[in-house]
Amino acid sequence: MSATINCKEFADYFAVPVQNKMNPAYVFEVEGKPHSIEEYYLDDLGHIHHGRLSPHVLEEPVIPKNIYEVAVSLIQIFDNLDMQESGSKTWSGAQFVLERSSVLVFLPGLGEINYMHELLTNMVHKRLQVYPLHSSVTLEEQNNVFLSPVPGYRKIILSTNIAESSVTVPDVKYVIDFCLTRTLVCDEDTNYQSLRLSWASKTSCNQRKGRAGRVSKGYCYRLVHRDFWDSSIPDHVIPEMLRCPLGSTVLKVKLLDMGEPRALLATALSPPSLSDIERTILLLKEVGALAVSGQREDENPHDGELTFLGRVLAQLPVNQQLGKLIVLGHVFGCLDECLIIAAALSLKNFFAMPFRQHLDGYRNKVNFSGNSKSDCIALVEAFKVTKFALICELTWSIIYLKDELDWGRLHYVQIKRIREVAELYEELKNRISQFNMYVDSRRPVMDQEYIYKQRFILQVVLAGAFYPNYFTFGQPDEEMAVRELAGKDPKTTIVLKHIPPYGFLYYKQLQSLFRQCGQVKSIVFDGAKAFVEFSRNPTERFKTLPAVYMAIKMSQLKVSLELNVHSAEEIEGKVQGGAVSKLRSTRVNVDFQKQTVDPMQVSFNTLDPSQTITDLLLTVDVTEVVEVGHFWGYRIDEKNSEILKKLTAEINQLKLVPLPVHPHPDLVCLAPFADFDKESYFRAQILYVSGNSAEVFFVDYGNRSHVDLDLLMEIPYQLLELPFQALEFKICKMRPSAKSLICGEHWSGGASQRFASLVSGCALLVRVFSVVHSVLHVDVYRYAGVQDTVNVRDILIKEGYAELAEEPYESKQSHEALKGLFSKSIQNMADMTVSSPVKDDEKYLIRVLLESFSSNKLGPPNCKAILHGPFNPYELKCHSLTRISKFRYD
């Protein structure tokens with residue numbers, strides 16, 4: 001008999017009437033003879049934890065920290081139990097090597113597995129091999145649990161209930177059960193399934209106990225109190241019909257024409273409540289699967305006829321939302337993509353998330369999703385790319401199995417699950433063909449905007465299919481976010497808290513922690529906070545950097561951010577007789593581009609002094625158009641032209657030296673400009689490196705070019721001190737019109753061409769409205785005659801490409817500061833910005849402290865600092881869930 005089935009319930013359900021009496025069905029029991037298994041509870045384990053166990057009964061399904069410690073202590077004493085069971089007081093080394101049995105630990109989810117894994121792997125001298133077993137880890141990692149451990153090591157398997165009945169590891173002798181599980185339940189408000197932490201049933205726990213004792217005597221340790229087990233642990237799991245959506249069941253009942261759903265489902269073994277059935281029928285009417293006529297007074301409001309959509313949904317092996325997605329995909333011309341999404345979401349996720357490599361897996365998913373921030377679109381792109389690669393390069397043949405697995409590991413996709421999705425995809429195609437729905441195999445006429453248009457249509461279809469469950473971006477509290485970020489750019493910056501005193505000493509450690517996210521441009525240390533700014537490609541659109549998303553994901557994954565540090569007292573006691581203590585409150589900026597560590601000015605004006613300009617009217621030449629309203633250029637007035645002329649002459653009088661390091665993105669160097677009359681060098685920043693060439697951005701002019709790597713030269717330090725002369729502009733108070741909006745965020749090709757024709761090849765007059773993160777928000781005027789000018793924004797609005805928009809909070813704040821600044825005379829501008837000057841003695845002390853640290857005069861760091869974060873007020877607080885859906889980008 002099964003260990004989990006409720007035999008009495010089944011026997012009573014199939015009872016037959018005999019002589020006016022209901023006789024239950026016979027139950028046949030086949031007794032096995034497994035090895036004995038001893039059971040223990042928390043009451044029996046007080047001796048291994050020195051009486052520190054909490055005596056009260058836990059009502060909420062949680063795992064306190066001290067219960068984790070009990071599990072760790074148990075694993076530590078299993079060697080003694082093995083020795084006692086062997087019957088000998090002393091073991092030979094060889095015998096001990098052969099007799100270390102495996103341990104199976106049941107935990108409710110991946111977060112608990114991660115925590116337990118960290119506790120066990122820190123026990124470096126205990127010779128343990130720890131394996132996670134969870135549905136989200138790769139198939140290869142799951143198969144590792146069946147491998148024999150290294151001689152002398154004990155195998156520890158940390159598993160969810162995946163090992164409860166479907167996995168048997170023969171050498172498991174010890175089972176540690178936290179008696180918890182995550183169960184699929186249906187939310188009454190959203191009618192969606194979600195995993196909820198709850199106590200496992202007694203039948204499930206008994207099934208877990210049976211994983212031990214397969215080849216020898218076993219032991220089961222249940223980490224709950226015995227009286228709690230007897231009184232509060234449920235006997236049986238709640239049947240799925242009582243906790244999961246009933247939509248598919250009701251549709252099947254209607255398709256078979258077996259009467260009213262309420263009447264038929266009332267005859268089930270575990271009948272659902274009438275309210276659940278009625279709510280499900282109303283939701284099916286809302287979806288359109290059941291007809292709503294309302295013409296007859298005697299019509300049952302909790303029943304209805306199947307519509308065409310309902311018949312389609314009843315024939316598909318997917319839930320109603322995914323079935324509706326397929327039908328809408330047929331209507332809107334994106335059936336292929338919708339079939340892929342439906343097949344992928346119906347099966348297990350095929351994105352590989354190797355244990356302790358979730359950040360790499362997340363990065364891969366972000367790359368597949370592009371700018372859409374959608375799991376569904378990531379699934380489509382990954383499926384298409386993988387299938388194309390396997391067919392064209394590797395084929396689906398088993399001959400190339402090793403190559404397929406290597407390709408899958410490289411791209412963090414699981415080939416076996418991709419195949420399962422492909423099989424369901426074909427099955428769905430066959431089923432919908434009976435309703436005259438076919439995937440169009442003809443290649444569409446591709447235009448420049450086809451990809452963006454198709455993606456936008458797919459997003460609309462997704463919203464319609466999953467309504468009323470959707471994910472929305474709320475408006476952030478801009479004033480709060482600006483205050484939290486201390487004026488830093490939210491699209492490029494994250495914040496860390498609990499920075500230790502003299503945190504700038506550890507800037508290399510901090511840079512290393514975030515190297516897996518992106519290139520760190522600078523770090524500003526301000527008391528117990530650090531603002532980490534990532535490098536932005538100057539030619540990219542205004543959007544949040546992927547590196548910021550990666551850093552926030554680190555926080556969500558609870559990646560430990562630790563620094564090896566010295567105590568403040570130790571530093572002050574060993575350096576300059578304590579004179580360095582004045583640096584505790586000093587703001588320090590570490591610039592990785594210029595390789596400098598300097599104290600920062602403390603400004604008391606809303607306009608950063610480094611952004612202060614001396615004129616609100618500028619004449620510029622446009623050199624690079626990023627998108628409509630966003631461009632780079634340089635000033636062509638007499639003063640700026642003289643500066644550029646002198647700088648070019650100084651550079652080309654130098655004896656140039658090849659780069660001392662291999663070229664990499666964000667490196668500032670000297671590079672030739674191919675279109676210049678003679679071979680002259682200019683200051684440039686490397687954007688990309690490809691093969692033997694690099695794309696560089698000329699930081700004094702704003703244009704870019706491809707240059708051979710061997711032509712790049714080292715830039716002298718003194719040339720880095722002069723500010724870059726290229727300016728970045730954004731037209732203020734403007735956004736795309738509905739006519740120009742592609743995929744919700746892109747300007748159309750027509751708008752881009754029109755804007756380029758308006759600003760290219762001529763001098764422009766710009767009026768500065770504000771300065772935000774070194775970007776000038778401006779009004780742009782084009783000369784229409786000798787003295788007349790026309791506003792470029794007005795032209796775009798008149799022609800229907802753009803519309804007026806309100807400026808962001810930071811821009812309006814900067815505008816007010818500029819007005820106050822220029823209301824006085826230029827001579828008094830220095831008085832308008834009150835700031836504490838950077839003192840030379842602070843620079844000297846910082847240099848002394850850094851030299852002492854790098855030369856190891858302070859000795860090895862003897863403390864650990866745990867950082868909090870990273871976080872970004874815009875990205876963490878502008879997201880809100882409306883009717884929480886599982887189909888969201890996480």
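Biologist: At about what angle does helix 23 run to strand 22?

Modeller: In this predicted model, helix 23 covers residues 638-652.

Biologist: What is the strand order of the open sheet of four strands with antiparallel pairing?

Modeller: Strand 21 (residues 668-672) and strand 22 pair in the antiparallel sense over five bridges. Strand 22 is joined to strand 23 (residues 693-698) by six bridges, again antiparallel. Strand 23 and strand 24 pair in the antiparallel sense over five bridges. The order is therefore, with strands pairing antiparallel, 21-22-23-24.

Biologist: Which strands are the edge strands of this sheet?

Modeller: An edge strand here pairs on one side only. Neighbouring strands of the sheet are turned by 55° against each other on average, direction ignored. The edge strands are strand 21 and strand 24 (704-708).

Biologist: Which residue stands opposite alanine 684 in strand 23?

Modeller: Strand 22 spans residues 681-690, and six bridges join strand 22 to strand 23. In strand 23, the residue opposite alanine 684 is phenylalanine 698.

Biologist: Which residue in strand 24 is the bridge partner of serine 693?

Modeller: Strand 23 covers residues 693-698. It pairs with strand 24 over five bridges. The partner of serine 693 in strand 24 is aspartate 708.

Biologist: Which residue takes a positive phi in the hairpin of strand 22 and strand 23?

Modeller: The hairpin has two residues between the strands. The positive phi there is near 65°, and the residue that takes it is glycine 691.

Biologist: How many residues of strand 22 are buried?

Modeller: A residue counts as buried at under 20% relative accessible area. Strand 22 has 10 residues and is mostly covered. The number of buried residues in strand 22 is seven.

Biologist: Is lysine 558 buried or exposed?

Modeller: Lysine 558 lies in the loop between helix 21 (546-556) and strand 15 (562-565). Its phi is positive, about 60°, although lysine 558 is not a glycine. The cut-off for exposed is over 50%. Because its relative accessibility is 71%, lysine 558 counts as exposed.

Biologist: What is the relative accessible area of lysine 733?

Modeller: Lysine 733 is found in the loop between strand 25 (727-731) and strand 26 (734-736). Lysine 733 is not a glycine, yet it has a positive phi of about 55°. It is partly exposed, with a relative accessible area of 32%.

Biologist: How far apart in space are serine 73 and isoleucine 48, C-alpha to C-alpha?

Modeller: Serine 73 is found in helix 2 (residues 65-86). It is buried, with a relative accessible area of 15%. Serine 73 and isoleucine 48 are 25 residues apart in sequence. In space, C-alpha to C-alpha, they are apart by 6.7 Å.

Biologist: Which residue in strand 10 is the bridge partner of isoleucine 176?

Modeller: Strand 7 (residues 172-177) and strand 10 (residues 218-222) run parallel and are joined by four bridges. The partner of isoleucine 176 in strand 10 is tyrosine 221.

Biologist: Which bond at proline 870 is cis?

Modeller: Proline 870 is in strand 35 (residues 868-871). Omega is near 0° for the cis bond, which is the peptide bond from glycine 869 to proline 870.

Notes
Residues are numbered from 1 along each chain as its sequence is written. This is a predicted model: local features need pLDDT of at least 70, side-chain atom pairs count only at pLDDT 80 or more; totals for chains, interfaces and linings use all residues. Side-chain values use heavy atoms; hydrogens and water are left out. Buried means under 20% relative accessible area, exposed over 50%, partly exposed in between (1.4 Å probe, protein chains only). Axes are lines fitted to C-alpha atoms, for helices over the stretch in contact, and angles run from 0 to 180 degrees between N-to-C directions. Contact means heavy atoms within 4.5 Å.
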